[in-house]
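Student: I would like to go through the labels given to some side chains here, and the grounds for each. Can we start from the cut-offs?

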Amino acid sequence: MDEAKRTMQELKQMQSLPMHIKLGMTRQRIREWIDRYGPNGVYISFSGGKDSTVLLHIVRDMYPDIEAVYVDTGLEYPEIKEFVKTFDNVTILRPDMSFRQVIKKYGYPVISKEVSKCVYYARRTNDPENVYVKKLCGELEFEGKKSQYNQSKWYFLLDAPFGVSNLCCDVMKKRPLHKFYRKTGKVPITGQMADESKLRTQKWINGGCNLYDSKFPISNPMSLWVENDVLEYIVKNDIQISSVYGEVIADCEMDGQMWLDGYVPSKYRTTGVSRTGCMFCMFGAHLEQEPNRFQRMKITHPPVYRYCLKSWNEGGLGMKPVLDYVGIKY
């Protein structure tokens, strides 16, 4: 696959390919990356989530001794942390700031990284022509048309009685990894997929899977995969994933009828959480059907739930008024 700039249509076509074909493309990207930097010059970015668990399985099937790196932010599900400990050759990094310190200095992560970034920087300028101000005012244009990156729906967040920022991920995840890169010179292989966000889609369109020439080189060999590919790989290869996901099962209820003999389902789902990430993060929570992540947390991890909602002055994260303000039920 040529890594030159591609189009959205080409991305959709490649994402629709069978998983085994995408797996072959993924292995090829991994080989190219390690041919460039050597097996001792790369590492697997391992979060303990199902995507990076699949990546770890693929890479170590090809190169068994590749180091994995896990960033312990303190925000992960406890089941994820315990799962990570079951693997050998995993280096654990930690950030210099806690999540509470990040909130105090920068603000809460709400809606999405792009929206929070707009609000954070728009609040720090009086220039009406500032790109982030124009995004929130719905005035951003591209080739004479309204840009898809207009964020006018979230203009009200400019007046929110709390800080808003996208910087928690930068401070708590990226900084430790960048420090690791400067110390060791090792470059990452990640389980990022293009369909996870507009930003990741655009990065793939602009640069493909292996980004050799960026400030921090990075390989995303699973860019063309989608959620079902990951779950299918887990089932077909009998891979153990963190218990927080529950089991991976075929999602083919067929109107309540029994499955037909020989029927092979094309869709899978988890019986537990569908995604992990940071427990306290509010990115995307407004889009979730009930029970959303906070409603589930109340049942599955009540101490963490209470800490999230506990008032700031009492030592908690003070998230109750934030969730109320943006309309996220809890």
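Predicted model: local features only at pLDDT ≥ 70, side-chain atom pairs only at ≥ 80, totals over all residues.

Student: Why is R94 called exposed?

Tutor: R94 has a relative accessible area of 54%. Exposed requires over 50%, so R94 is exposed.

Student: What makes D72 buried?

Tutor: Its relative accessible area is 15%. The limit for buried is under 20%, therefore D72 is buried.

Student: How do you know that D72 and R94 meet in a salt bridge?

Tutor: A salt bridge is a side-chain nitrogen of Lys or Arg within 4 Å of a carboxyl oxygen of Asp or Glu. For D72 and R94 the N to O distance is 3.6 Å, and the pair counts as a salt bridge. The search of the whole structure finds 18 salt bridges.

Student: What makes K174 and D170 a salt bridge, and where do they lie?

Tutor: The closest N and O atoms of K174 and D170 are 3.5 Å apart, and the limit is within 4 Å. Both residues lie in helix 8 (residues 167-184), four residues apart, about one turn of the helix. Helices (H or I, at least four residues) and strands (E, at least two) are DSSP runs, numbered from the N terminus.

Student: Why is the pair E227 and R275 said to tie together parts of the sequence?

Tutor: E227 forms a salt bridge with R275, the closest N and O atoms being 3.0 Å apart. E227 lies in helix 10 (residues 227-236) and R275 in the loop between strand 11 (268-270) and strand 12 (282-283), so the pair ties together parts 48 residues apart in sequence. Salt bridges that share partners join K50, D51, E196, R200, E227 and R275 into one network.

Student: Why does N166 count as buried?

Tutor: N166 has 10% relative accessibility. Buried means under 20%, so N166 counts as buried.

Key: Residues numbered from 1 in each chain as written. Heavy atoms only, no water. Buried < 20%, exposed > 50% of the residue type's maximum accessible area, 1.4 Å probe, protein only.
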